[in-house]
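Hello,

Here is the structure we talked about handing over. My notes on its aromatic contacts follow below.

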Amino acid sequence: MSSIEPKRIGWDALLMALLTGVSAWAAMALSRGPGELSAVWIGNGILVGWLLSRPTERWPWYLGAAAATELAVRLGVGDQAVSAAVVAAANLIEALILAGVVRRFVPDVGDPKRWISLGGIATASTLLACAVSGFMAAGAMRVLHAAPFWPGFLTWFSAHVVGLVIFATTTLVAQREGRRMFTAPGRGLSFLLTMALLAAIALAVFLSSYPLLFLAYPPLLLGAIRHRFAGVAVGVVLLTLIGSVATALGHGPLWLADVDTPGRIALLQLYIAGGCLITIPVALAMAERKRLVTGLRDSERRYRMLADYSHDVVVRMRADGQRVYVSPSARDILGWEPAQMLGSRESLVHPEDLERQQRLLAEVIASGEPRTAVYRIRHKNGHYVWIEAVTRAIPAEDGNGMEAIYAGRDITRRVETERALEASRQELERLARFDALTGLANRRQFEERMNLAVLGLNRGASLSLLYLDIDHFKQINDNLGHATGDEVLRSFAQRLLGCVRSGDLAARLGGDEFVVLIEDAAVPSAAEAVARKLIERMRRPIAIGERELSVTTSIGVAYADRPVETAKLLAAADAALYCAKRERNTYCLQAVAADAAPRAAARG
C-alpha cells in the first residue's frame, strides 16, 4: 500500500467517524431520561453502508474510527466508561455481523441483478445482528443501571433495525450515486420538489395535534416510485428526523396516545418501519423494472444495430410466412427496399424452392430447433440470388405462439464456384476415364471393367474380349500426317460404337489399339456379330476433307464361359489378333485354354 493511499483512507475514515459521531450525539440528545435509548439509531447504518462500499481489507480502519468516535461521544455526554465501552462494542459487533454476512453472500451490492436476493439476505442478517447487539446492550443496562432487560432489549432492537434499514440503504445509495443522487437527468428539480412536499406534509403532521400520520405515506410512496432508492432513502430520513425531533420536543400525534416515553418511542419506530415496509419493496420493484426495461432496450438496440448494419439480410417472419421486419441490407443484396419485401411476397422465392422453404419454416416453429437452408430469392433486376439462411424460432411479439427469424447471406459466388469446381471435377473424372481424342473409354476404365468382368465368371457369367487395330495405320500417319491419322481414329471409334450394345464397353488403349468387352452374352456368337458388323462398316471409305480413304481392321476375339485369369484372357485375345493380322480385314476366334490353334473366320 502506497503512502498516499493510507492518507486518503484516513480522510475517508475521518469523514465516516464525523458522521457517525454527530448521529450518535443527536440520537442520545433526543433520548428522554437517563439510561434511555433513542427511537432510531443512525450511526450503525452509516457505518454498514460505508463498509459495504469499501474493500474488505480496509474495514479495520473504519471499524476502529467508528468505535473510538462513539466511545468518545458517550463519555462526553456523561456515560460511565464501562457502560460506554460495552455499548460501543455491541454497536461494533452489530455492524461487523451485518456487513460481513452481506459481503459474504453478495460481494457486489451495486449489481442490480442481486438486489432481490440482497433484500432477503440483508433482512435476515439485520435481525441477527441487532438481536446479538441487543442482548449485549440490554444486559449491560440491566447490570449497570438496573434497567429492565426485555423492554431495553426490545427498544434497542427496534431502534437499530429501523436505523440499519433506513440509513444503511441511504448510505449505500449516496455512496453509489454521489451527486447523481440529486443531479441525474430527470431527477434534480423533480427530486427536490418531491422531498420538499414530503417534508412539508411531515412537518404539518407532526406539528398537528390530530392523528394524521397516514398523510405522510403518499408523498413517501411517490418518492419511491419516481426516484426509487434515492427517494426512499432521503424520504425516510426526512420522515425520521422530523418525527423524532417533533416527538422529542413534545409535539405531534404520538402524544395523543396515553403511553409513556418508551411507548411513544415504540410507536414512532412502528410508524417509521411502516414507511419502510411500504416503500422499500416498491423501490426494489421499480429498480428491477428499470433493470429489465434497460436490459430489454439495450438488447433491442443491439439487435437493431446488428440487424440494420449487418451485411446479412435479417428477416422476422410470422408462422404464416408474413414478413414483419426486413433489415436494410436487403437493399444491397436483393435490390429491394425493406418495405417492398414486407408481407408474404412468395413470388420472390424461386418456384422450385418455395415448397421446401415453407416446409422448413413449419419445422422450425414446430420443433424450436434452428435450421439452415439454401434457396434462391429474386433480385429486383430479375435474376435470382442464392441465399444461405439460418432460421430460428422466437416468441411472437404479442406473446401468442412462435415466430421465426432468419439471417441470410448472399452465397451466389460460392454456389457458382462450387458448380464450376464440380464441372471441373467431372471433366477431370471424364478425362481420367475416357480417351480425349475419340471419346471412348481409356485403358484405366477398361482395366477396372475387365477385372470386374473376370470376377463375374465365378458366378457363371460369360465373357468375350475383342482386340482391334487399324490395318496399315502407320503408313497413314507417315504419308498423310498425324492430323489425318487422328481423323481416321475418330471415325473408326464412331463406327465401332455403332456396332456394340449399350452395355458393352468400347475402349482405346492407345495408338490404333482398341478393345471391346462383351459380358453376359452368348459366346462367341455375340462377339462375332460385332466383328462382322464392324468389318462391314469399314468397307465404306472415310471422308477426310476432299479425300476418301479406304481403311480396314483386324480383330482378335477371345471368349470364356468359365473362371479364368485376366492375363490368360488378354493373352488369348492378343493371340487371336495376331492370327487375324496375317490376312488383314478379318477376325479370328480364340477360346481361352483351348488346345486348338486359333482359326481365321470368314470375312464378314
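Is Phe-135 buried, partly exposed or exposed? Phe-135 has 43% relative accessibility, so it counts as partly exposed. Keep in mind that this is a predicted model.

Now the ring contacts. The structure holds ten aromatic pairs. One of them joins Phe-135 and Phe-149. Their ring centres are 5.6 Å apart and their planes meet at 45 degrees, so this pair is tilted. Phe-135 sits in helix H5 (residues 115-145), while Phe-149 belongs to helix H6 (residues 149-177). The pair therefore ties together parts that are 14 residues apart in sequence.

Next, Phe-149 itself. Its relative accessibility is 22%, so Phe-149 counts as partly exposed. The cut-off for buried is under 20%.

Phe-149 also pairs with Phe-153. Here the ring centres are 6.2 Å apart. The planes are at 10 degrees, so this pair is stacked. Both residues lie in helix H6, four residues apart. That spacing is about one helical turn. Phe-153 has 8% relative accessibility and therefore counts as buried.

These contacts belong to a wider group. Phe-135, Phe-149, Trp-150, Phe-153 and Phe-157 form one aromatic cluster.

One more item, on a charge and a ring. Arg-104 lies over the face of Phe-105. The distance to the ring centre is 5.4 Å.

Best wishes

Notes. Residues are numbered from 1 along each chain as its sequence is written. This is a predicted model: local features need pLDDT of at least 70, side-chain atom pairs count only at pLDDT 80 or more; totals for chains, interfaces and linings use all residues. Side-chain values use heavy atoms; hydrogens and water are left out. Rings of Phe, Tyr and Trp (its six-membered ring) pair if their centres lie within 6.5 Å; planes under 30 degrees apart count as stacked, over 60 as edge-to-face and the rest as tilted. Helices (H or I, at least four residues) and strands (E, at least two) are DSSP runs, numbered from the N terminus. Buried means under 20% relative accessible area, exposed over 50%, partly exposed in between (1.4 Å probe, protein chains only). A charge sits over a ring if NZ of Lys or CZ of Arg is within 6 Å of the ring centre and within 35 degrees of the ring normal.
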